[in-house]
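Reader: I have a structure open and would like to talk it through with you, one piece at a time. Could you have a look at it with me?

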Amino acid sequence: MLDAKRLTILTESAKYDVSCSSSGSSRSSRGGIGNTYAAGICHSFTQDGRCISLLKILLSNQCVYDCLYCVNRRSNDVPRATATPDEICQLVMEFYKRNYIEGLFLSSAVFKNADYTMELLLETVVRLRKLYGFRGYIHLKGIPGADSLLLNRAAHYADRMSFNIELPSEKSLKLLAPQKSKKAILAPMGAMAEEYKIARQEKNKAVLPAGQTTQMIVGASSETDGQIIRLSQALYDRYSLKRVYYSSYVPANNQTSLLPTTPVGLLREHRLYQADWLLRFYGFSAEEIIGSEQNLDPALDPKCAWALRNMGLFPVEVNTAPPEVLLRVPGIGFKSASKICHARRFSKLDFDDLKKMRVVLKRAMHFITCGGKFYGQESLPAVRTLLTLNEMPNTMEQLSMFSSPDINLSVLGGEL
Amino acid sequence: MIVYKTPPTKQGILCALFESFTQKEVPNVVTSSDFQPTFDCVVKDIKIDQKIADRVEKGLIKSGGISLLSTLFYALRSNDGLKETTIFSVAHKCLVARKNLVTNYKDPDMINLYEINSRIANEAHRLKGFLRFEKTAPGVWYARISPDNDIIDLIAPHFKSRFPNERFLIHDLKRNLVCMCDGRSLKTIKTDQALLVCLHQDEHNFQSLWQTYFDHVTIKERFNPKLQDTSLPKRYRKNMVEFAPRQDTLEFN
């Protein structure tokens, strides 16, 4: 059985992977124990506000690689530990039966070589499924460079697999993770996407029911938000990824002049996720959201920023606009759009009706008309100011003699 | 002001609707709790008659379909003091209009019903994650919950299908309800007795491993307890292992 000491080491080494979700797969417990739930279930939340859904753990943190940003890099002086496949399986089963977790997120440092590592990961997953009859969620990290036969086999046992891109460009990879290359990461991703496509055509739902994801570290290298969002769009289109995760760089290692020494603000990560949501759910394209050499505006959410650049398309009439147009109005999301579309079948809606329906109008009011009437601000600069102020309520406080505005801003940016 | 007092059940509301239509009056309040009457207040006790309830139910199905019934009475699980009045008003309006009006959200009753139901569904979803089983000495799994709404019947089937052949008890401490699963079927009973739970010898070890995991998976540079509080409100934590005091602290670095 895995002891507390090794559990601690293997958890500490795994925690920087931001992927957490247990969604996208729906399977019954037939013939085993456990099932999966399409929407995913969060089981707890830690003090950093992140959810715990899966037992996120490494099989080993003994790595032959020496990536500068990574806490487990070979040249780092951190405690090392390795678990056996069976120890992981036991822990998963015991935690799962107590309803602590939704399943397993298994990853590993590369020890000895990629194939050897992948073999052990595969052995763990197969053992968990076959010997323990586990039918809960399994997210397995693929080891880039491992034999494609191993990877393809793993896809038949895991719900979701991911290969982490880590850095958004080949140049940054060369600089910060010299042993990794863009090709070595993208090739298995492409092969998996192909496997996934074929399985779907054959109506075989057992292969990666929850698809693939990836993760990028933001702020460790010099790419702009525009480049990152374009890369994400390409990944969604070409590799039919389910999700791209963004992880603000947290300095985990001794300083090197190639990396920033302070954590990158959480605000940037937040804006990237907002833009990502626009790509996946709101029908936006990367080109609409941001220019390729630009960064997202920290003061405005990307949908607001887009609307302000395209004031010609607004205001839209809430009583007649199609749902996909309503979704493009800043401040109106899926819930509000759905409420509006339902309610307007009964009768015309005016501004007070929207309020009664608890649609948040703070931002939306500048972009809609209700029965032809407009309730927002006419002038663009005025709207921009109002929206910017709405976005940053925390910084708007009365100045006292001792307060320093710089500190407040850095709190917002997550730098403290 | 007219007040109807009914039991907090489907039959109660259905009979209240019948009373309202036969008397050609609309009550201002429908309630199951003790109502402090003001002096211009007429309080009527609604009597349950199964035949009448069936008649009104048929009428409701005719007006709004089966989905109307399930939307209306889903809300009975709520802890909202106005739930009976809200369910009654929505049903009344649908019967008058002979139409399913629940998505006419500009009507305050409809949006109230929508929000009551969302709160119930959200809490049920949350507890599917936040509920914690403990292994007892006889091998039966035991979980304590104290939800705001009466959602035990919404979550128990989830655990039954997740853990086939396992025997478990889910205990709602607020309502003194115990839902039992013998591996095949579910049964909920009311009990005022305290349950004496004798834990399995392994239990302590796994609870402490889970606490270890929980403590170490946090990224300290990202400390954000406010976000934690919104996602996992404090009232749920008293039944969760990871928020219980640490038994033996691990000296390790």
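Predicted model: local features only at pLDDT ≥ 70, side-chain atom pairs only at ≥ 80, totals over all residues.

Reader: Good, let's start with chain A: which domains is it divided into?

Author: The assignment for chain A gives domain 1, covering 4–289, and domain 2, covering 302–391. Taken over C-alpha atoms, the centres of these two domains of chain A are separated by 37 Å.

Reader: And how many residues of domain 1 of chain A are in contact with domain 2 of chain A?

Author: On the domain 1 side there are 8 residues, in contact with 6 residues of domain 2 of chain A. Helices α8 (266–281) and α9 (286–289) of chain A each supply at least two residues of that domain 1 side, and α8(A) gives the most, with 4 residues. By class, the residues on the domain 1 side divide into 4 nonpolar, 2 polar and 2 charged.

Reader: Turning to the sheet in chain A, in what order do the strands run, and is the pairing parallel or antiparallel?

Author: The sheet is an open one of 6 strands in the order β3-β4-β5-β6-β7-β8 of chain A, and the pairing is parallel. Its edge strands are β3 (54–58) and β8 (243–248) of chain A, each of which pairs on one side only. On average, and with direction ignored, neighbouring strands are turned by 20 degrees against each other.

Reader: Could you take one pair of strands, say β4 and β5 of chain A: over how many bridges do they pair?

Author: Strand β4 (residues 103–107) and strand β5 (residues 137–141) of chain A pair in the parallel sense over 4 bridges. Within this pairing, A:Leu106 has A:Leu140 in β5(A) as its bridge partner.

Reader: Which strands does helix α7 of chain A lie across?

Author: Helix α7 (residues 225–239) of chain A lies across β7 (212–218) and β8 of chain A, and runs at about 170 degrees to β7(A).

Reader: Now α12 of chain A, please: which of its residues are buried?

Author: In helix α12 (residues 334–343) of chain A, the buried residues are A:Ser336, A:Ala337, A:Lys339, A:Ile340 and A:Ala343. Looking down the axis of α12(A), these residues fall within an arc of 160 degrees, so they line one face of the helix. Among what covers them is α11 (323–326) of chain A.

Reader: How many residues does each chain give to the contact between chain A and chain B?

Author: Chain B contributes 37 residues and chain A contributes 42 residues. On the chain B side, α4 (108–130), α5 (152–162), α6 (203–216) and α7 (225–231) of chain B each supply at least two residues, with the largest share, 7 residues, coming from α6(B). The chain B side divides into 20 nonpolar, 10 polar and 7 charged residues.

Reader: Last one: why is B:Ala75 counted as buried, and where does it lie?

Author: B:Ala75 lies in the loop between α2 (50–74) and α3 (83–97) of chain B. This residue is buried because 23 other C-beta atoms lie within 10 Å, where 20 or more are required. Leaving aside neighbours within four places in sequence, B:Ala75 is in contact with B:Lys83, B:Thr86, B:Ile87, B:Leu113, B:Ile116 and B:Asn117.

Terms used. Residues numbered from 1 in each chain as written. Chains lettered and ligands numbered in written order. Domains from an automatic or database assignment. Contact = placed C-beta atoms within 7 Å. Nonpolar A, V, L, I, M, F, W, Y, C, P; charged D, E, K, R; others polar. Pairing = 2+ DSSP bridges. Axes fitted to C-alpha atoms, helices over the stretch in contact; angles between N-to-C directions. Buried ≥ 20, exposed ≤ 12 C-beta atoms within 10 Å, placed from the backbone. Arc of directions from axis to C-beta.
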